[in-house]
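Thank you all for making time this morning.

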Amino acid sequence: MIQKILTGIAFFVIGFGIAVYTDLFFRQLIQDLFQWTTNNRIKFGGKDFYLFGNPIYFASLGLIFLIFSIANKKKEIQEIALNGIILVLIFGILLTAISALDANLKIIECTACDDGTRRLSYNEINYGLILTTSTLLSIIPSLITILKKRGKANV
């Protein structure tokens with residue numbers, strides 16, 4: 001029992017650490033997605049002042065690692081790799097879709113934009129919300145797997 005708890009804590013800490021390490025990368029990726037999905041109709045201005053990432057995103061990535069490890073506990077390495085690829089693909093698609101939706105909504109809401117170009121400061125984007133939503137929605141297949149296992153155990 002203690003080993004399961006320690007393993008769970010270890011997976012959570014690994015996910016949390018990866019989130020802290022990749023936070024700046026995802027911040028820049030979201031800025032690029034904002035420009036790419038709007039055909040460069042969003043321009044960033046000002047200083048990109050950035051101290052700390054969103055702790056909710058850090059915790060959600062830790063939670064994803066924990067849930068993924070529970071869902072794939074007794075599976076072969078090939079199946080774990082396939083599930084990991086699916087998780088990353090879903091995360092990437094959701095990250096792109098949510099960023100594109102947010103970026104295009106920012107352009108639509110701008111009534112005084114020059115030639116349809118919106119100027120944003122770097123901190124006008126809610127990076128934490130975009131990343132947390134993408135992260136938590138991408139874990140749904142693993143949650144379904146866990147629920148199916150629980151359903152079979154109760155029958």
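Predicted model: local features only at pLDDT ≥ 70, side-chain atom pairs only at ≥ 80, totals over all residues.

Asn-40 has a relative accessibility of 44%, so this residue counts as partly exposed, and you will find Asn-40 in the loop between α1 and β1. Asn-40 has a positive phi of about 60°, and yet Asn-40 is not a glycine. Is Asn-39 buried or exposed? With a relative accessibility of 68%, Asn-39 counts as exposed, since the cut-off for that word is over 50%.

Let me now step back to the whole chain. The chain contains 5 helices and 2 strands, and if you read along the sequence, these elements follow the pattern α-β-α-α-β-α-α. The C-alpha trace spans about 60 × 30 × 25 Å along its principal axes. Of the 155 residues in the chain, 34% are buried.

The patch has an area of about 1000 Å², and the residues that make it include Met-1, Ile-9, Phe-12, Phe-16, Leu-63 and Leu-136. As one example, take Phe-16, which is found in helix α1. Phe-16 has a relative accessible area of 32%, and so it is partly exposed.

How much space lies in the largest pocket? The space there comes to about 830 Å³. The lining of this pocket consists of 29 residues, and those nearest the centre are Phe-65, Leu-66, Phe-68, Ser-69 and Ile-70. Sorted by class, the lining has 16 nonpolar, 8 polar and 5 charged residues. Several helices take part, for α1, α2 (55-71), α3 (77-108), α4 (127-138) and α5 (140-154) each supply at least two residues of the lining.

Leu-66 deserves a moment of its own, as one of the residues nearest the centre of that pocket. Leu-66 has its place in helix α2, and with a relative accessibility of 22% it counts as partly exposed. Leu-66 and Phe-11 are 55 residues apart in sequence, but their C-alpha atoms are 5.3 Å apart in space. A second pair separated along the sequence is Asn-54 and Asn-126, which are 72 residues apart in sequence and 9.5 Å apart in space, again from C-alpha to C-alpha. Asn-54 lies in the loop between β1 and α2, and its relative accessible area of 25% makes it partly exposed.

Finally, let us look at charge. Side chains of opposite charge can pair when their charged atoms come close. How many salt bridges does a search of the whole structure find? The search finds 4 salt bridges, and I will describe some of them. In one, Glu-79 pairs with Lys-75, with the closest N and O atoms 3.8 Å apart, and Glu-79 is partly exposed at 38% relative accessibility.

Which residues are linked in a network of salt bridges? They are Glu-109, Arg-118 and Glu-124. Between Glu-109 and Arg-118 the closest N and O atoms are 3.2 Å apart, and between Glu-124 and Arg-118 the N to O distance is 3.7 Å. Arg-118 takes part in both of these bridges, and at 14% relative accessibility Arg-118 counts as buried, because buried means under 20%. Glu-109, by contrast, counts as exposed at 52%, while Glu-124 is partly exposed at 36%.

That is where I will stop, and I am glad to go back to any part on the screen.

Terms used
Residues numbered from 1 in each chain as written. Heavy atoms only, no water. Patch = residues over 30% accessible without salt bridge, like charges linked within 9 Å, V, L, I, M, F, W, Y side chains within 5 Å. Areas by Shrake-Rupley, 256 points an atom, 1.4 Å probe, with all protein chains shown as cover. Salt bridge = Lys/Arg side-chain N within 4 Å of Asp/Glu carboxyl O. Helix = DSSP H or I, 4+ residues; strand = E, 2+ residues; numbered from the N terminus. Buried < 20%, exposed > 50% of the residue type's maximum accessible area, 1.4 Å probe, protein only. 1 Å grid on protein atoms, 1.4 Å probe; cavity = no way out; pocket = protein on both sides within 12 Å on 5 of 7 lines; lining within 4 Å. Points joined across faces, edges and corners; volume = space filled by probe spheres on them. Nonpolar A, V, L, I, M, F, W, Y, C, P; charged D, E, K, R; others polar.
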